[in-house]
Amino acid sequence: MNPDIMTGISSVLTSPMTLLFILIGTMVGIVFGAIPGLTATMAIVMFLPVTYAMSATEGISTLVALYIGGISGGLISAILLNIPGTPSSVATCFDGRPMANKGQAAKALGVGIFFSFLGTIFGVIMLIFISPALASVAIKFGAYEYCALSIFSLSLVITLTGKDMVKGIISAVVGAMFATVGLSPIDSRMRYTFGSVDMQAGFKLLVFLIGLFAITEVVKVAANVRKEQNFTAEENVRLKGLGFSFREFTSQIVNLFRSALIGLGIGILPGIGGGVSCMLSYTVAKNTSKHPEKFGTGVIDGVVASETANNAGIGGAMIPLLSLGIPGDPATAMLLGGFMVHDIAPGPLIFQKNGPVMYGIFTAMILASIVMCLFMFGGLRGIVKVLKIPKYYLLPVIVMLCCVGAIGDSNRMFDVWGVLIFGLIGYFFAKAEIPTTPMILGFILGPMFEENLRRASKLAQSDPITNHPISIVFLAITVIAVALSVRSNMKQRKKTEAKE
Amino acid sequence: MKTKYKMNMFAGGLLFVFAAAYFILSWQIPNFKGLGAPPIDAKLVPRVWGVLLMVLSLIVFVRGLLEYLRLKKEGKLVKSGVSVKERIIENREVILTFLCLLIYIWLLQPVGFIIMSALYIFAESMILTPKEKRNPLIAAIVGVVAAVAVDFAFVNLLHVLLPAGILGW
């Protein structure tokens, strides 16, 4: 057996500090997930500066624990408040809330928590098997393949994230433009630095993400201060055992695997996160069910479909992140930022260069899902109380921590200004209805595309593209995907115009 | 239906100006003429992005323009009747949030992390709290406690350097 596996596992299990950080990370993640408006992404941003002083395994274990907790916590508010705590739990409301109204809140929560746990474990197991395999394929990738892969991923993000393709591409291109600031790849020419030393190092991914997510979130709350927002939480929930019977569990096995596979698949595709996977999985469960008319009235099938899928997506989203260095959604982009802080470069070589850390992360993910399950079953009443902490005290503190994160990354004030600038851009984009996820992917994939395009241009004479069938396949799929998407976009447009 | 032509025209126009400036500035990028320089130089890709964004922003702008002309022809163009002043008042929390952040970052280094963070948290939480729930005392306590605790934790325990400012100890 690969000795890295044992080293990795024991590095987590024998370190009390790492275990403690996983525990805290998962709990904080759940609370963030449960509070509407705070997401897994925000939890990771907030904790990044705390991990600066930790070892790579400790730090990244904490971040993945936050991620798992953050995706899972959303179900609590979806069921008890009828407001999804995170976009990943949107579909949980559909049946979770009616169940709570019927007095079955405990059952809905029990089912949600347990199937979230199963979904996470399924995703992590798939991650453990698929990512080394994918890495060993990707290791043969050269400039052509990476160039094609980056175009392919970008096109997927653009076609899948929004209804409006033009605005999707705009967002991706703007992201790629910001990434060109600094030294050019290969020949280190200064670009758009305007003579500033700070600009030479370019904008940091972390700064970019903090501005786009944390600041825009605060602004969103600010914009709604004078709007009435009253929700009442169900507080008297008591969980007895798991909350559901063994027969109810066995009736959901098919649903479990189908939803887990949907979640995994959507997770792997870049650009679409838990929000889409829970909706899709819910719809599929409804359409294949023997009693579709009962969906929406409070059946456990709906909760199972939504919660299994969004949690299985965690492992799914980590697959391209670890083996190709391509994050699928904002939360994994944030994790990529965390990897960079600890000098770990995700990509096909990650298992060779950082084997022990990788297996440490897998161990941490399994531990975090167990902690998640136990904490949510055991500490439910406490979590419901935390939901009442007013966000108006919490958000300013988060912004302060974000600034600490920006300063601490490379000890310069320039990055804090970056946070403000990207916050303004994020606000402007939201107003203009331009999606921001493609921008992040553009920021990450733009440089990857350029570097490999230029490298390939050097090779073109001695080693033409015809020697690289994989890259041709990627490009062909890209063309087909874009063509199909343009067609459906046009159809949609005609439909809406006809309606008007 | 809410009309979107204004935002589309504004966003498209602004992005176009940005793209054009970016495109023109690409001429300032120095060339690498050494041995082994790749055939595609450091200017090409930025220029591609520039042209692409110019085209796309123009599409968004034209979309807005067409909607405007259509509404005008149909006589459905209604003046919103909201003045700039009213707009600012309507969005005061958003503007104040950005303003607060600007002042916070601006003075962070000269004044120092603890003082500015405490002030920022106090001010921002007052902005975010609905009028009837505002409590300056709690906001001040949250601000001071959070700023001191974070400064202590990061500087002493996690060894992240934060600006000490006028309290320079």
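In this predicted model, A:K107 forms a salt bridge with A:E248, the closest N and O atoms being 2.5 Å apart, where a salt bridge is a side-chain nitrogen of Lys or Arg within 4 Å of a carboxyl oxygen of Asp or Glu. Because A:K107 belongs to helix α6 of chain A and A:E248 to helix α11 of chain A, the pair ties together parts that are 141 residues apart in sequence. Helices (H or I, at least four residues) and strands (E, at least two) are DSSP runs, numbered from the N terminus. Over all chains, the count by this salt-bridge rule comes to eight.

Between chain A and chain B the count is one salt bridge, in which the side chains of A:D164 and B:R63 meet at 2.7 Å, N to O. A:D164 lies in the loop between α7 (143–161) and α8 of chain A, while B:R63 lies in helix α2 (residues 44–73) of chain B, so this pair joins two chains. The contact between the chains, defined by heavy atoms within 4.5 Å, takes 65 residues from chain A and 73 residues from chain B. About 6,100 Å² is buried between the two chains, 78% of it on carbon and sulfur atoms; buried area is the accessible area (1.4 Å probe) that two parts lose on being put together, summed over both.

The elements that give two or more residues to the side of chain A that touches chain B include α3 (40–51), α8 (165–179) and α10 (205–223) of chain A. The most is given by α19(A), with 12 residues.

A search of the whole structure finds 33 aromatic pairs over all chains, counted where rings of Phe, Tyr and Trp (its six-membered ring) have centres within 6.5 Å, with planes under 30 degrees apart taken as stacked, over 60 as edge-to-face and the rest as tilted. Among them is the tilted pair of A:F114 and A:F244, with 5.7 Å centre to centre and 50° between the planes. This pair links distant parts of the chain, since A:F114 is in helix α6 (residues 105–138) of chain A and A:F244 is in the loop between α10 and α11 (246–250) of chain A, 130 residues apart.

Residues are numbered from 1 along each chain as its sequence is written, and chains are lettered from A in the order in which they are written. Local features need pLDDT of at least 70, side-chain atom pairs count only at pLDDT 80 or more, and totals for chains, interfaces and linings use all residues, while side-chain values use heavy atoms, with hydrogens and water left out.
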